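User: I've got a model loaded and I'd like to talk through one of its strands. Can you take my questions as they come?

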Amino acid sequence: EQTRHSVDRNLWQLGVSVVVLTLSLLVFVLALYSSLIRPLRHIGSALAGLRRGKRPLPMPPSHWRPSEIGDIHQALGQLDLLMQENETIRKDLLTTANTDSLTGLFNRRHFMEQAHLALARAKRTHNPVTLAIADLDHFKSVNDTLGHAAGDLVLKAVAQRIRSTLRETDIHCRYGGEEFAFVFPDTTVADAGLLANRLREAVAATPIQVGTHESVPIS
């Protein structure tokens with residue numbers, strides 16, 4: 001009888017030990033997942049998101065996480081900011097390279113690239129495309145009588161009227177000096193003539209203010 005009680009006690013103690021060991025192992029696994037595995041998976045997802053241009057999400061809070069994991073995630077945030085800054089710089093450089101600094105229209109080089117693309121697309125689709133060029137009459141007299149600053153104001157105002165008058169699909173540039181060039185995609189010569197006349201009327205509609213008491217009529 002005593003032997004049986006001893007065996008039962010030993011079995012009970014063994015069962016308790018197994019339960020305690022199992023619980024301890026479970027707590028260890030949960031702590032390992034919370035402190036290491038889950039943060040590493042989060043960092044992996046953040047890296048994959050950065051490659052797709054997505055910002056990393058905040059890491060879930062945890063009291064068990066090693067400080068090194070937090071440092072890595074903080075570094076990811078700094079990397080994301082650096083990538084955003086680089087993208088902004090890239091876009092600014094691209095804009096600077098493609099636009100005329102005075103008027104904000106495309107410059108001649110970028111216009112020629114876009115014109116070649118439009119011609120190639122028209123050839124491929126068999127749709128019409130029309131190119132046009134225009135200049136400002138008597139513009140030299142503006143510079144000679146009122147100065148180059150007044151001439152610059154005139155060019156800026158004309159560029160704004162071009163942007164507000166033509167369609168979003170039309171391509172326009174400052175070709176040089178007071179000359180402007182245009183590409184009208186999917187547009188016949190006759191329809192392009194109507195657009196050009198509409199633009200001429202918009203440019204000539206009101207004189208351009210170049211000083212407190214001075215304005216310049218443009219045609």
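This is a predicted model: local features need pLDDT of at least 70, side-chain atom pairs count only at pLDDT 80 or more; totals for chains, interfaces and linings use all residues.

User: Which residue in β3 does A132 stand opposite?

Analyst: Start with the pairing: β1 (residues 129–135) and β3 run antiparallel, with seven bridges between them. Within that pairing, the residue across from A132 is F182.

User: And on the β2 side, which residue stands opposite F182?

Analyst: Strand β2 (residues 171–176) is also antiparallel to β3, joined to it by five bridges. Those two strands make a hairpin with two residues between them, where G177 has a positive phi near 55 degrees. Opposite F182 in this pairing sits H172.

User: How many aromatic pairs does a search of the whole structure find, and what is the angle between the planes?

Analyst: The search turns up one aromatic pair. That pair is F182 with F184, 6.0 Å centre to centre.

User: Why does F184 count as buried, and at what relative accessibility?

Analyst: The cut-off for buried is under 20% relative accessible area. F182 is buried because its value is 4%. F184 counts as buried too, because its relative accessibility is 2%.

Methods: Residues are numbered from 1 along each chain as its sequence is written. Side-chain values use heavy atoms; hydrogens and water are left out. Two strands pair if DSSP finds at least two bridges between them. Helices (H or I, at least four residues) and strands (E, at least two) are DSSP runs, numbered from the N terminus. Rings of Phe, Tyr and Trp (its six-membered ring) pair if their centres lie within 6.5 Å; planes under 30 degrees apart count as stacked, over 60 as edge-to-face and the rest as tilted. Buried means under 20% relative accessible area, exposed over 50%, partly exposed in between (1.4 Å probe, protein chains only).
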